[in-house]
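Student: Could you walk me through this one, question by question? I'd like the cut-offs spelled out as we go.

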Amino acid sequence: MLPLEHIILIDKKSSIAVYKQIAFAIINTIQNGILKPGIHLPGSREMAAILNVHRKTVIASYDELEAQGWITVYPRKYVIVAEKLPLLQPKKWNENELGHSYDNDLKINFRIIDKSWCVERDIAEIIIDDGHPDVRLSPIDELLKTYRSLTSRKLSIKNANTGTTQGTVRLREELVKFLSDTRGLNISAENILITHGAQMSIYLAAQLLLNKQSTIIVGRPNYPVANETFTETDAQLIEVAVDEEGIDTDQIEQLCKKKKITAVYVIPHHHYPTTVTLSVERRMKLLELSNSYSFVIIEDDYDYDYHYASSPYLPLASANHQGNVIYIGSFSKLLDPSLRIGFMVAPQNFIAQCTALRKMIDVGGDGYMQNALAELIKTGELKRHLKKAKKIYHHRRDFLNDLLQSQLSDYISFTLPNGGMAVWITLKKEFSVKQLQNTHLLKIIRTDEESNAFRLGFASINEQEMEVTIDLLHHLLKNQ
């Protein structure tokens with residue numbers, strides 16, 4: 001209900017009768033588009049209490065409004081704004097009139113964020129994502145069943161929002177075991193911060209590590225959202241080439257010899273967007289450089305769990321890094337992109353500061369969902385899902401490889417990745433990735449015009465959907 005006591009202002013010193021002041025105020029509110037046709041007004045007793053006037057005054061006001069056709073009174077039931085009135089839009093603000101519209105821009109100076117990297121395009125018939133899981137395979141039903149169960153338990157309800165700024169103890173303790181079993185991390189629950197996805201972890205780390213005196217190294221090309229996050233701290237961002245062995249650590253070494261490096265952001269497994277994996281030699285060298293030149297490694301391991309050709313390399317965070325590695329992961333790539341639960345692993349003093357910063361912008365996460373996820377991990381359901389999904393995604397990757405070879409080999413080149421959920425496809429020079437996007441039939445989430453390449457996610461689509469997608473690509477490229 002609108003705060004009518006602040007909208008209907010009564011001046012008892014006015015020569016205009018109080019009941020008429022109420023009627024005029026309600027008419028003005030209807031004409032301004034705030035009270036819309038059909039909306040219920042308080043009954044005479046309730047309105048009298050709100051305005052601190054006698055009930056008969058409100059009745060007289062309502063009689064006046066009904067006589068003029070502004071309201072309809074249903075005796076002993078309710079009062080509504082007349083339904084046959086035209087639907088009016090709220091008036092705009094101008095210099096002489098008070099309105100209720102946000103159509104005008106804010107005139108006071110404020111910080112401008114570059115939005116070019118996050119522009120949403122119109123929905124197309126076929127969307128090529130940049131590597132999403134297939135939600136149809138995920139144990140979402142089991143997760144929601146546990147969620148519902150937790151919301152019905154008295155103790156769970158009482159503690160649902162307790163201590164969720166760092167993440168529920170239950171989830172962090174289960175993650176300690178999970179990350180030890182799958183990634184070889186030697187950590188405690190105090191080394192973990194639960195976040196709303198990997199992007200929040202990147203943001204928090206950047207805000208604490210970087211400023212205008214800082215320098216951070218990233219790969220080229222790189223995850224654009226991370227680049228923008230680092231740039232917004234006013235830090236200097238230096239791009240280093242990414243080749244078939246990952247980010248070039250020789251270039252990083254040369255830069256370290258010339259200037260102080262604060263941090264290096266690296267995606268060691270299935271680099272975004274090119275899908276290459278950082279070689280063992282470069283992993284070892286990056287750790288050596290971090291120890292020698294005292295820079296932080298921000299390790300974004302967003303899809304570690306999907307490796308097909310062999311077992312994945314252990315993360316940099318599992319090595320002897322002297323506390324210089326901030327490890328970031330997410331359950332969005334395991335279960336569902338809309339399940340915004342990620343995690344950061346770092347030394348306790350850094351996690352404590354990230355937790356404090358996070359509390360300024362977000363008091364905490366969904367305790368029910370975090371504990372439901374903890375149960376999924378504890379019962380082994382998550383591991384069973386990963387085993388099943390990895391087998392299916394492996395098959396889909398190979399099926400896509402056959403389609404690309406048989407139908408698009410005249411137009412593209414690519415290297416089949418040893419893991420992950422996407423393939424990085426480079427168009428031959430006579431074809432244009434920009435032109436490929438200029439159709440209502442197709443939307444590609446991640447393209448790179450400089451490389452004339454795009455990322456084709458295969459995990460989220462089955463074989464039939466894949467065939468339709470490749471047929472469309474073939475048609476579009478053939479007609480360029």
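This is a predicted model: local features need pLDDT of at least 70, side-chain atom pairs count only at pLDDT 80 or more; totals for chains, interfaces and linings use all residues.

Student: What is the count of salt bridges between domain 2 and domain 3?

Tutor: The bounds come from an automatic or database domain assignment, which gives domain 1 (4-81), domain 2 (126-133 + 385-479) and domain 3 (139-379). Apply the salt-bridge rule between domain 2 and domain 3, and the count is zero.

Student: How many residue pairs are in polar contact across the interface of domain 2 and domain 3?

Tutor: A polar contact is a pair of N or O atoms within 3.5 Å; within protein, one must be able to donate a hydrogen and the other to accept it, and residues adjacent in sequence count only if both atoms are side-chain atoms. With both residues at pLDDT 80 or more, the number of pairs the rule finds across this interface is 11.

Student: Which element gives the largest share of the side of domain 2 that touches domain 3?

Tutor: Elements are DSSP runs numbered from the N terminus: helices are H or I with at least four residues, strands are E with at least two. On the domain 2 side, α14 and β14 are the elements that give two or more residues. The largest share is seven residues, and it comes from α14.

Student: How much area do domain 2 and domain 3 bury between them?

Tutor: Buried area is the accessible area (1.4 Å probe) that two parts lose on being put together, summed over both. For domain 2 and domain 3, carbon and sulfur atoms carry 59% of it, and the area is about 2100 Å².

Student: And which residues in domain 2 lose the most area to domain 3?

Tutor: The residues in question together make up 27% of what the domain 2 side buries. They are Leu386, Asn418 and Arg455.

Student: In the open sheet of four strands, which strands stand at the edges?

Tutor: Two strands pair if DSSP finds at least two bridges between them. The order is β13-β14-β17-β16, with antiparallel pairing. Two strands have a single partner strand each, so one side of each is left without a neighbour in the sheet: β13 (412-414) and β16 (447-448).

Student: What angle does helix α14 make with β13?

Tutor: Strand β13 pairs with β14 (residues 422-427) over three bridges. Contact means heavy atoms within 4.5 Å, and helix α14 (residues 381-407) touches β13, β14 and β17 (453-457). Axes are lines fitted to C-alpha atoms, for helices over the stretch in contact, with angles from 0 to 180 degrees between N-to-C directions. Between α14 and β13, that angle is about 145°.

Student: Which residues does Phe414 touch, beyond those up to four places away in sequence?

Tutor: Phe414 sits in strand β13. Its contacts are Asn401, Leu404, Gln405, Val423, Trp424 and Ile425.

Student: Which strands stand at the edges of the eight-strand open sheet?

Tutor: Here the pairing is mixed, in the order β5-β12-β11-β10-β9-β6-β7-β8. The edge strands each have a single partner strand, so one side of each lacks a neighbour in the sheet: β5 (192-195) and β8 (246-247).

Student: How far apart in sequence are the parts that Glu375 and Arg170 tie together?

Tutor: Side chains of opposite charge can pair when their charged atoms come close. Glu375 and Arg170 meet in a salt bridge at 2.5 Å, N to O. Glu375 lies in helix α13 (residues 367-378) and Arg170 in helix α7 (residues 169-183), so the separation in sequence is 205 residues.

Student: Where does Pro221 lie?

Tutor: The peptide bond from Arg220 to Pro221 is cis, with omega near 0°. Pro221 is in the loop between β6 (215-220) and α9 (224-231).

Terms used:
Residues are numbered from 1 along each chain as its sequence is written. Side-chain values use heavy atoms; hydrogens and water are left out. A salt bridge is a side-chain nitrogen of Lys or Arg within 4 Å of a carboxyl oxygen of Asp or Glu.
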